[in-house]
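Follow along with the sequence and the model beside you.

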Amino acid sequence: MTELPPSETLPADLPQEARGLSGRLDPESGVHRMWMRIYYEDTDAAGIVYYANYLRYAERARTEMLRLVGIGQRRLMEERGLAFAVAGAEVDYLSPARLDDVLEIRSFCRKFGRVQLTIEQCLVHALERREIARARVRVACLDTNTRPARLPDDVLRALDPYKQLQEPT
């Protein structure tokens, strides 16, 4: 079984200007940070973000967090027949986000298992520093038959910086 190389994180030919699209990973704290602006398409008629869009934002941030630690999901599927699927999600809506706001999405792994990860994500208004929403998402590793599959050792090693944030079981 081949290991995912660090070069999977960002292609070498990606323009320098585009490198910030994935956000950044702080190996000291194990927190991934990504920023995004709220567009008209994200809001209702009152200019407030539609509730389901927070899950979309969280998904994007989780994908970029995994990309930065070397876990390319397309490659994981193509080369190993493995994929991540959301097994459960819980969102607390704390304060509305509005058109043109900039959100900072902070993501970190809360629990590790052999098949599942729980990722906690805080969506924060980037300028006002107020928490907008908090999500807890459980993702499971599945094989091509959608059966639970063991997380590969190299994937768990790539997530090592997050292990300091685990809750006792």
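**Entry 1**

I began with a salt bridge between Arg 114 and Asp 153, whose closest N and O atoms are 3.2 Å apart. Arg 114 sits in the loop between β4 and β5 and Asp 153 in helix α3, so the pair ties together parts that are 39 residues apart in sequence. I noted the rule: a salt bridge needs a side-chain nitrogen of Lys or Arg within 4 Å of a carboxyl oxygen of Asp or Glu. Helices (H or I, at least four residues) and strands (E, at least two) are DSSP runs, numbered from the N terminus.

Before going on, I wrote down that this is a predicted model, where local features need pLDDT of at least 70, side-chain atom pairs count only at pLDDT 80 or more, and totals for chains, interfaces and linings use all residues. Residues are numbered from 1 along each chain as its sequence is written, and side-chain values use heavy atoms, with hydrogens and water left out.

Are the two partners buried or exposed, or in between? Arg 114 is partly exposed at 33% relative accessible area, and Asp 153 is partly exposed at 46%. Here buried means under 20% relative accessible area, exposed over 50%, and partly exposed in between (1.4 Å probe, protein chains only).

How many salt bridges does a search of the whole structure find? I got 15. One of them joins Arg 136 to Asp 92, with the closest N and O atoms 2.7 Å apart. Arg 136 belongs to strand β6 and Asp 92 to strand β3, 44 residues apart.

I also looked up Glu 104 and Arg 106, which form a salt bridge at 3.1 Å between the closest N and O atoms. Glu 104 counts as buried at 3% relative accessibility, whereas Arg 106 is partly exposed at 23%.

Next I traced an open sheet of six strands, in the order β1-β2-β4-β5-β6-β3, with antiparallel pairing. Its edge strands are β1 (24-26) and β3 (83-93), each pairing on one side only. Two strands pair if DSSP finds at least two bridges between them.

β4 and β5 pair over nine bridges, and a hairpin joins them through three residues. Nine bridges also join β5 to β6. I followed Ile 119 across: Cys 109 stands opposite Ile 119 on one strand, and Val 137 in β6 stands opposite Ile 119 too. Nine of the 10 residues of β5 are buried, so β5 is largely enclosed by the rest of the structure.

**Entry 1: The core**

Which residues touch the most other members of the largest nonpolar core? Of its 35 residues, they are Tyr 54, Tyr 57, Ile 71, Phe 84, Leu 103, Leu 123 and Leu 159. β6 gives the most to this core, with six residues. Such a core is a set of buried Ala, Val, Leu, Ile, Met, Phe, Trp, Tyr and Cys residues joined through side-chain atoms within 4.5 Å.

**Entry 2: Aromatic rings**

Tyr 50 and Tyr 51 make a tilted pair, 4.9 Å centre to centre with 55 degrees between the planes. Rings of Phe, Tyr and Trp (its six-membered ring) pair if their centres lie within 6.5 Å; planes under 30 degrees apart count as stacked, over 60 as edge-to-face and the rest as tilted. Tyr 50, Tyr 51, Tyr 54, Tyr 57 and Tyr 93 form one aromatic cluster.
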